[in-house]
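Please look first at the sequence and the model shown here, and then read the report that goes with them.

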Amino acid sequence: MLKVIVFDGYGTLFFTGTGSVDATAEILAVNGRLDISPKAFYGEWKALHHQHMAELPDFRLEQDIYALDLEELYGKYGFTRDAGKDVEIMLRIQGTRVAFPEVKQVLEKLSERFLLAIGSTTDTAPLQEDLYRAELPIPSSRIFTSQSLKVYKPHQAFYRAILGELNVLPEEALFVGDSLTDDVKGPQAVGMRTCWVNRKGEERGNICPDLEISSLEELPTAIDHLMR
């Protein structure tokens, strides 16, 4: 029996837009490197960010990892500015995201039937700011971040900690998110059911979620089919 729905935050509930690429463009501009593609540079940054999250021996806040990423990239490209200061250009967009248009209505509907929670790779403060503005029906006691859990997706400890805090079995929880690695493969490894929010119409390869939707508007109906 399904009791809990755990939502990823960014890309699932909140629209991230072009904010990160725009911030990258500003960082390149202050370094006088308009010859470098902001999209390509951010792609490197994002890949390095995930690598650091997976490989660092001790947990660090995401904002600290952003600084570490940028420092390494500055060294690679020969930038002479202070990466520790310039990273603030990226960090200032944190806590400014808006929810997708359908999110509040869908979550209000689902909250009548299930416990709702959030499990997100993020520092806690910016997520709380975004949730406050969006007025979503999820209490603070059911908001779980990489900062609060001291572990990043897709480590199994992330999902096990949420299950423990909510006091539910893996099969009683559905994880909903936009990342095949973090929100499907990761939770499946601990026995949770999963729903992939495929807003961009991407190929899923050999990873098979229990549900696949293109918008959260489809989630209530998809859950009904899952529970039959």
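## About the model

The model is predicted, so that local features need pLDDT of at least 70 and side-chain atom pairs count only at pLDDT 80 or more, whereas totals for chains, interfaces and linings use all residues. Residues are numbered from 1 along each chain as its sequence is written, and side-chain values use heavy atoms, with hydrogens and water left out.

Helices (H or I, at least four residues) and strands (E, at least two) are DSSP runs, numbered from the N terminus.

Six strands make up an open sheet in the order 5-4-1-6-7-8, and their pairing is parallel; two strands are said to pair if DSSP finds at least two bridges between them. Strand 5 and strand 8 (211-213) are the edge strands, each of which pairs on one side only. From one strand to the next the twist averages 20 degrees. In a regular strand, side chains alternate between the two faces of the sheet.

Strand 1 (residues 4-7) is joined to strand 4 by four bridges, and the two run parallel; Ile5 has Leu116 of strand 4 as its bridge partner. Strand 4 also pairs with strand 5 in the parallel sense, over three bridges, and here Ser120 stands opposite Thr145 in strand 5. Further along the sheet, four bridges link strand 6 (residues 173-177) to strand 7, again in a parallel run, with Gly177 opposite Trp196 in strand 7.

## Buried strands

Which strands are largely enclosed by the rest of the structure? Strand 4 is one of them, because five of its six residues are buried, where buried means under 20% relative accessible area, exposed over 50% and partly exposed in between (1.4 Å probe, protein chains only). Strand 7 (residues 193-197) is another, because four of its five residues are buried.

## Helices beside the strands

Helix 10 (residues 219-227) lies across strand 1, strand 6, strand 7 and strand 8, and runs at about 160 degrees to strand 8. Axes are lines fitted to C-alpha atoms, for helices over the stretch in contact, and angles run from 0 to 180 degrees between N-to-C directions.

In helix 6 (residues 124-134), the buried residues are Thr124, Pro126, Leu127, Asp130, Leu131 and Ala134. These buried residues of helix 6 pack against several elements, among them strand 4 (115-120), strand 5 (143-145), helix 5 (103-110) and helix 7 (146-149). Glu135 follows helix 6 and has a positive phi, near 55 degrees.

## Two helix pairs

Helix 1 (residues 19-30) packs with helix 4 (residues 83-91) at an angle of about 150 degrees, and their axes are 8 Å apart. That angle makes helix 1 roughly antiparallel to helix 4; angles under 35 degrees count as roughly parallel, over 145 as roughly antiparallel, 65 to 115 as roughly perpendicular and the rest as oblique. The contact (heavy atoms within 4.5 Å) is made by Ser20, Ala23, Thr24, Glu26, Ile27 and Val30 of helix 1 together with Asp86, Ile89 and Met90 of helix 4.

Helix 3 (residues 62-77) also approaches helix 4, for the axes of the two come within 9 Å and cross at roughly 120 degrees. Helix 3 and helix 4 are therefore oblique to each other. On the side of helix 3, Gln63, Tyr66, Ala67, Leu70, Glu71 and Tyr74 meet Ala83, Asp86, Val87, Met90 and Leu91 in helix 4.

## A closer look at Leu180

Is Leu180 buried or exposed? Leu180, which is found in helix 9 (residues 180-188), is buried, with a relative accessible area of 15%. When its neighbours within four places in sequence are left aside, Leu180 is in contact with Lys185, Trp196, Glu203, Arg204 and Ile207. Leu180 and Val197 are 17 residues apart along the chain, and their C-alpha atoms are separated by 9.1 Å.
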